[in-house]
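Hi,

Here is the structure I promised to pass on to you. Have a look at it first, and then read my notes below.

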2 protein chains.
Amino acid sequence: MKAHVYVTLKTTVLDPQGKTIQGALKKMNYKGVEDVRQGKYFLLTLEPNLEKDKVKAEVERIAREVLTNPVIEEFAYKLED
Amino acid sequence: MKAHVYVTLKTTVLDPQGKTIQGALKKMNYKGVEDVRQGKYFLLTLEPNLEKDKVKAEVERIAREVLTNPVIEEFAYKLED
């Protein structure tokens, strides 16, 4: 089983890295991009044969306690068999 | 319209950052994680009222030419209205 965890800055937090990418895209003549925000992506490979409920709880705990800085970031995750 | 772009190291490329996270999780007593790989996540906000085909082509071009280092990385993307 795999878990995809996406960590992004909260929308209220300024993202200078994203702004830099957006500026670069504009200068390089890519059209139509209004905004860019950068985040992190983690692919966790989990042991097989675990109960889905347990996996869910564990992934959520890892995302919340280790992968995310709760002051400025938020996370989303998706499980995949 | 929004585009979610996920950039990851190719599976053949060693990911020391992911390995470090995996080691940390193990030491911190989180169970069941066999492997961790870290990637980047970009959220592009695109101008409204663009044709879906055009957006798709443009996002693909941006991901391929700007956001990804084709030597060691690969990308996936998802469009959302």
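What follows is a short tour, from the whole chain down to single residues.

Please keep in mind that this is a predicted model.

**The chain as a whole**

Let's start with chain A. Its secondary structure consists of three strands and two helices, and along the sequence they come in the order β-α-β-α-β. With a radius of gyration of 16 Å, well over the 12 Å that the globule rule gives for 81 residues, chain A is more spread out than a compact globule. If you draw a box along the principal axes, the C-alpha atoms of chain A fill roughly 50 × 25 × 15 Å.

Of the 81 residues in chain A, 42% are buried. Among contacts in chain A with a separation of 6 or more, 70% are between residues 24 or more positions apart. The accessible surface of chain A is about 4,900 Å², and carbon and sulfur atoms account for 53% of that. As for charge, chain A carries 14 positive and 13 negative side chains, with 8 Å between the centres of the two sets.

**How the two chains are related**

Which rotation superposes chain B on chain A? The rotation is 180°, with 0.0 Å of shift along its axis and an RMSD of 0.0 Å. That is the relation of a two-fold axis. In chain B, Lys40(B) has the C-alpha nearest the axis, at 2.3 Å from it. Both copies use the same surface, since 100% of the contact residues of chain B recur in chain A.

**Where the chains touch**

Gly32(A) is buried, at a relative accessible area of 11%. Setting aside neighbours within four places in sequence, Gly32(A) is in contact with Thr45(B), Leu46(B), Glu47(B) and Leu50(B).

Is Thr45(B) buried or exposed? With a relative accessibility of 18%, Thr45(B) counts as buried. Again leaving out neighbours within four places in sequence, the contacts of Thr45(B) include Gly32(A), Val33(A), Glu34(A) and Asp35(A), along with Met1(B) and Lys2(B).

Val66(B) is partly exposed, with 28% relative accessible area. Which residues does Val66(B) contact, leaving aside its neighbours within four places in sequence? They are Leu25(A), Met28(A), Tyr30(A) and Arg61(B).

**Two backbone angles to check**

Most residues other than glycine have a negative phi. Asn29(A) has a positive phi of about 70°, although it is not a glycine. Asn29(A) is placed in the loop between α1 and β2 of chain A.

In chain B, Asn49(B) also has a positive phi, near 65°, and is a residue other than glycine. Asn49(B) lies in the loop between β2 (33-46) and α2 (52-67) of chain B. With 81% relative accessibility, Asn49(B) counts as exposed.

Key
Residues are numbered from 1 along each chain as its sequence is written. Chains are lettered from A and ligands numbered from 1 in the order in which they are written. This is a predicted model: local features need pLDDT of at least 70, side-chain atom pairs count only at pLDDT 80 or more; totals for chains, interfaces and linings use all residues. Side-chain values use heavy atoms; hydrogens and water are left out. Helices (H or I, at least four residues) and strands (E, at least two) are DSSP runs, numbered from the N terminus. The radius of gyration is taken over C-alpha atoms; the globule rule is 2.2 Å times the number of residues to the power 0.38. Buried means under 20% relative accessible area, exposed over 50%, partly exposed in between (1.4 Å probe, protein chains only). Contact means heavy atoms within 4.5 Å. Accessible areas come from the Shrake-Rupley method with a 1.4 Å probe; for residues, only the protein chains shown count as cover. Lys and Arg count as positive and Asp and Glu as negative; His and the chain ends are not counted. The place of a charge is taken as NZ of Lys, CZ of Arg, CG of Asp or CD of Glu. Copies are superposed by least squares on the C-alpha atoms of residues with pLDDT of at least 70 in both.
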